[in-house]
Protein chains: 2
Amino acid sequence: MSRIVVIGGGAAGLKAAARARRRDEEAEITVIEAGSYPSISRCGLPYYVEGFVHEIENLMQTTYGAVRDVEFFKKVKNIDVLVKTKAKRIDREKKIVEIERNGKSDELPYDYLVIATGSKPSKPPIPGIDAENVVHLHSAEDAEKIVEMWDEGAEEAVIIGGGLVGMESAEALSKLDMKVTLVEIMPHVLPACLDAEIAALVEAHLREKGVSVLTNSKVEEIVTEDGTVSGVRIGEKVIPAQLVLVATGVRPNVELARNAGIEIGETGAIKVNEYMQTNDENIYAGGDCVENINLITGKPAYIPLGSTANKHGRVIGDNVTGGNSTFPGVLGTIIFKVFDFTVARTGLSEEEARKLGYDVITAVTPSPDRFHHYPRSKPIRVKIIADRSGKLLGAQAVGLGVIDKRIDVLATAIQMGATIDDIANLDLAYAPPFSTALDAVIVAANVVRNKRDRLVETISAEEMKKKIESEEDFVILDVRTDEEKAGNPINDSRVIHIPIDRLRESLDKIPRDKEIFTVCQIGARGYEAARFLMQRGFRARMVDGGMAILSVLLKGNKESQS
Amino acid sequence: MSRIVVIGGGAAGLKAAARARRRDEEAEITVIEAGSYPSISRCGLPYYVEGFVHEIENLMQTTYGAVRDVEFFKKVKNIDVLVKTKAKRIDREKKIVEIERNGKSDELPYDYLVIATGSKPSKPPIPGIDAENVVHLHSAEDAEKIVEMWDEGAEEAVIIGGGLVGMESAEALSKLDMKVTLVEIMPHVLPACLDAEIAALVEAHLREKGVSVLTNSKVEEIVTEDGTVSGVRIGEKVIPAQLVLVATGVRPNVELARNAGIEIGETGAIKVNEYMQTNDENIYAGGDCVENINLITGKPAYIPLGSTANKHGRVIGDNVTGGNSTFPGVLGTIIFKVFDFTVARTGLSEEEARKLGYDVITAVTPSPDRFHHYPRSKPIRVKIIADRSGKLLGAQAVGLGVIDKRIDVLATAIQMGATIDDIANLDLAYAPPFSTALDAVIVAANVVRNKRDRLVETISAEEMKKKIESEEDFVILDVRTDEEKAGNPINDSRVIHIPIDRLRESLDKIPRDKEIFTVCQIGARGYEAARFLMQRGFRARMVDGGMAILSVLLKGNKESQS
């Protein structure tokens, strides 16, 4: 009879325990959890804060409503979960875990040990960070504390960090009618996830929803009065706040493992092989405390996610009961909802791909998410990042419409080694309520193919913005309708406006000696115009993503100047 | 300068013409269209009938609102569209198309000819089928006629054919407050698309929404009074109807091609190679008049869809302008919305896979479509069909929740040659508003892996239903909670009810000499129970899909008996 000890009652640990039990009815399985709850769904915390999920206990229920508490695990799965129990030391020689429980020390012998110690919020060295009313959003207790502070009248919040948790928190706190300021030290939000022009769309949406977004901004001090937060200082300016939420990422909990001589990888998380096994063959590790292999680069990456932790748990549960399962790695697929926007990414960003030396081709393609006359049709933008060989490297998508489907399709494609030609030929499900006849991902792949085949030359909206801000001489050829132009004009003397249906008869109005940048609303007509002009001997390039991207960048620029 | 003639102004023809123009500004491009409109979106017709799409003209607009009429094609794309023009004959020797226009004959010379003649509704040999008020839903005119008949007071409708158009029409006519009867000759609706147990879920939903569904039923006569429909006769029974909609599929329009000696494939549609080229190297064909290669079987299949037609058009547009593009084939991915349900499938059905000799493993897995406490979380069922080698062969999904994403992921995976192990490791986008930590497709793949690895034996809900109807001796072990059982009991004396959390202490209540079938609501607890009992020496199998499937089958059975 084998003894399996799991340190950590989160997703990875409990999944490993449950899977082990299903495979081996005889094993003695014990889970050690430092907190009071096993198996809280941390991903659900922002929705609890905002009131969408009503009870914190909801985050620990099964789909059929059973609370996954200590009794549940004992009765249903015959797993001993020891809550409020600390693992103090792993003795690999004796194969025991030294624990502390109710103030007493004890020892748990193991045949297989599973380290699933999770992560903790990172805590940047900002003066005042230990003050009252400085919170994270990492545990059930954090979430309850935030709700409490709101109950007690906190009206202004500053979120430090424009990553995923920062985004979700910005929405949650705004929904509680707090005035929210989001501070990001890098030039754009989601710096680890998104390229600049996609991040700009997210920032614009946050501002539209009343969140003040400060990029390139460093919080130098959390200002306190009598130990309680009153604001944060950025340069000379103090932003008032009764609540400061630090969302600057998480770090793996590896002290216990490191002290036991378990190998730590270059990312600072526990290093495991494809069997989720550490350098000790009887010790496995999974969840937020381990690093994963990035499937594109082949290099270790620290991307802790609940979905990945669950997969780890299953593999570990197999392998501690005589199985032979493997976990290949991750793509860094991330999704979140922020107000009416969904934002997602997978694989490499354009910036990452360029740094790695790929000969990158990208396209940002705005599309409706379904047949454009079908009710609830909403705009989305899909960015595809490919190598000139055609290999799909990454994707980003953002908008009011359905995003998750597009990223999941592209993540699946990348993981299976697809090229942009494969994407263009995917037999995706089409009916008007669900997509356009050629789905947004196929349209995006076709645009990348056109670029690869040099059918069209493009300029990114980001570069176009820079040109517009320069004194250079060129022509912006706006081929939108009169109405579209009137509703959202480009105020620049270098603009010539000729709607696409008058372009063929108006060639004499376009100078042959200047570079022409064609622009429409979402790109299709800009492409049409650029192709036509190229074939007529003009130096024409289309603006990637059209006004759907460019006008947001131009506006964002104005706002940050003001 | 090359002359390109396109016969047919639908999706494939116009896409081919537009793509050709983008690649070749010099070519002379002419499109011949028999009807009055170029480029109607036929897939949108049911939504026009139901009033969701307000104007028939909406179905021919671009995303920026321009009407894609004759003038649009001339001005924007320099393409001549000849509407109300018939192609009478193709003379391959002289490379001309003989046309008839405004009562006059004419000839169009071509260097490249594109046949995109589309499809027509099939017309089963039922007496009375030519009567007034017998309609199809294939053209804009059909849709307008249906709306007109409704305006004139038609209150009862019979739809002949339970396929995709039958489904969408059932909803559209119900939304117009008509009493709808759907008649299907085969044992279940969607016989070409879905396996029996998934079709049963769709039928149950139609009935719930007030549609009378008659399967195994043949319309022997359309009964008329004074040339106008008054009902349909099935056996001795006449079902009153003022509108009969024939939705028994479509057939390719191939007469013109066949008469010109163009090779017709075994499906009755035009045979093309991967370049979309017919047996005449100067003649290409695409859209609803051609057959495609099924990517799994490698055999020709006739699956006409607007999405496929668009892909064909692009490939043809490339190849008639010196390109070298290919179209690999299709998976038979289909999706439709019917009332609150979405139904979709891709690849092979279980029935098809078995006929082809695969050693099939399947699982039907009910899941919530997102984190179960997130608002708007809705149930879905995902069926995965795999070969014992692990190769993914097909998938079906149905439910109130998000279906299209799951089918698109699985279609992408199948097209890229994925195994169920690949699916289980996909790095799909997870956040509570979009999926469960392990998405429904991963859960389904894991269930199939458990079966492959013989961790659990299962019985399909379909087989379980048959056993329940038999006199055999066995035990159904219902492991749901007391409340779940009370809300939806299995009324059978062979049921033993032990909630999962009492199972371990109640082993003595379960007979060791009988076969045990474990059942819960969606399958997870049934699996847990079966694993536990197997390891304790019982002969236990879980009911695939749990009560989520079984109770629908049992109820459906009662209804068809009454």
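## Paired strands in chain B

In strand E7 of chain B, Tyr112(B) is the bridge partner of Ile4(B). Strands here (E, at least two residues) and helices (H or I, at least four residues) are DSSP runs, numbered from the N terminus.

The model is predicted: local features need pLDDT of at least 70 and side-chain atom pairs count only at pLDDT 80 or more, while totals for chains, interfaces and linings use all residues. Residues are numbered from 1 along each chain as its sequence is written, and chains are lettered from A and ligands numbered from 1 in the order in which they are written.

## Sheets of chain B

Strands of a sheet pair through backbone hydrogen bonds, either parallel or antiparallel. The order E3-E2-E1-E7-E18 describes an open sheet of 5 strands in chain B, with parallel pairing. Strand E3 (80–82) and strand E18 (283–285) of chain B are its edge strands, each pairing on one side only. On average, neighbouring strands of this sheet are turned by 20 degrees against each other, direction ignored; axes are lines fitted to C-alpha atoms, for helices over the stretch in contact, and angles run from 0 to 180 degrees between N-to-C directions.

An open sheet of 3 strands in chain B has the order E4-E5-E6 and antiparallel pairing. Strand E4 (85–91) and strand E6 (104–109) of chain B each have a single partner strand, so one side of each is left without a neighbour in the sheet. Strand E5 (residues 96–101) of chain B is joined to E6(B) by 6 bridges in the antiparallel sense, and Ile96(B) has Pro109(B) as its bridge partner in E6(B).

Strand E30 (residues 540–543) of chain B runs parallel to strand E26 (residues 458–459) of chain B, with 2 bridges, and parallel to strand E29 (residues 516–519) of chain B, with 3 bridges. Met542(B) in E30(B) is the bridge partner of Thr458(B) and also of Thr518(B).

## Buried helices of chain A

Helix H8 (residues 306–319) of chain A has 14 residues and reaches 20 Å from its first C-alpha to its last, close to the 20 Å expected; the expected span is 1.5 Å times one less than the number of residues. Because 14 of the 14 residues of H8(A) are buried, the helix is largely enclosed by the rest of the structure. A residue is buried if 20 or more other C-beta atoms lie within 10 Å of its own, exposed if 12 or fewer, and partly exposed in between, with C-beta atoms placed from the backbone.

Helix H10 (residues 404–415) of chain A has 12 residues and reaches 16 Å, close to the 16 Å expected. H10(A) is mostly covered, with 12 of its 12 residues buried, among them Asp404(A), Lys405(A) and Arg406(A). Gly417(A), with a positive phi near 80 degrees, follows H10(A).

## Contact between the chains

The contact takes 75 residues from chain A and 73 residues from chain B, where two residues are in contact if their C-beta atoms, placed from the backbone, lie within 7 Å. On the side of chain B that touches chain A, H10(B) gives the most, with 9 residues.

Methods. Two strands pair if DSSP finds at least two bridges between them.
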